[in-house]
Amino acid sequence: MVWWSYTETCFSHVGYSLDRLPTRTRIASWTPNTVTTCLLCDACEENRDHLFLKCRFSEQIWKMATVRLGYQPCLFHTWTSLIEWLRIKDSICPETLRKLTAQAVIYHIWLERNNRLNNAVNSTPQRIFKEID
């Protein structure tokens, strides 16, 4: 029971913290003339929703993760849809495993973003998924 509560607390903390992450768009609100292009796809503005849910790079990781859990490939373009998916009761995959997977995907997307920004090191979605798996 303690572990379950810990998982619930961690996920809610991660969700809250995502609003505070220094994405390029958020940094640009403090520092004018900052480049706001997404480091993963180089096509859209890098904000929380794009980076973790809508970016074509992140979408590939989400698809691989959902398939690995036994689901059809699916995408979450809103936080509401992700939360609803995490809470469903089904016989395909335990809720706890879905939550841990979501945490790992979000963490590794942020890690990849930071590696590109700070270390000029790029990985593929396939390699990142392999680390998660």
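Reader: In this predicted model, is Asp42 buried or exposed?

Author: Asp42 belongs to the loop that lies between α2 (24-30) and α3 (48-54). A residue counts as exposed over 50% relative accessible area. Asp42 has a relative accessibility of 62%, so this residue is exposed.

Reader: What is the phi of Asp42?

Author: Most residues other than glycine have a negative phi. Asp42 is not a glycine, yet its phi is positive, at about 55°.

Reader: Which loop holds Ala120, and what is its relative accessibility?

Author: Ala120 is a residue other than glycine with a positive phi, near 55°. Ala120 sits in the loop between α6 (95-119) and α7 (125-132). Ala120 counts as exposed, its relative accessibility being 67%.

Reader: Which cysteine sulfur is nearest to that of Cys55, which is in no disulfide?

Author: Cys55 takes part in no disulfide, and at 3.9 Å its nearest cysteine sulfur is that of Cys41.

Reader: Are Cys38 and Cys55 buried or exposed?

Author: The limit for a buried residue is under 20% relative accessible area. Cys38 has a relative accessible area of 1% and is therefore buried. Cys55, at 0% relative accessibility, also counts as buried.

How values were computed
Residues numbered from 1 in each chain as written. Predicted model: local features only at pLDDT ≥ 70, side-chain atom pairs only at ≥ 80, totals over all residues. Heavy atoms only, no water. Buried < 20%, exposed > 50% of the residue type's maximum accessible area, 1.4 Å probe, protein only. Disulfide = S-S within 2.5 Å. Helix = DSSP H or I, 4+ residues; strand = E, 2+ residues; numbered from the N terminus.
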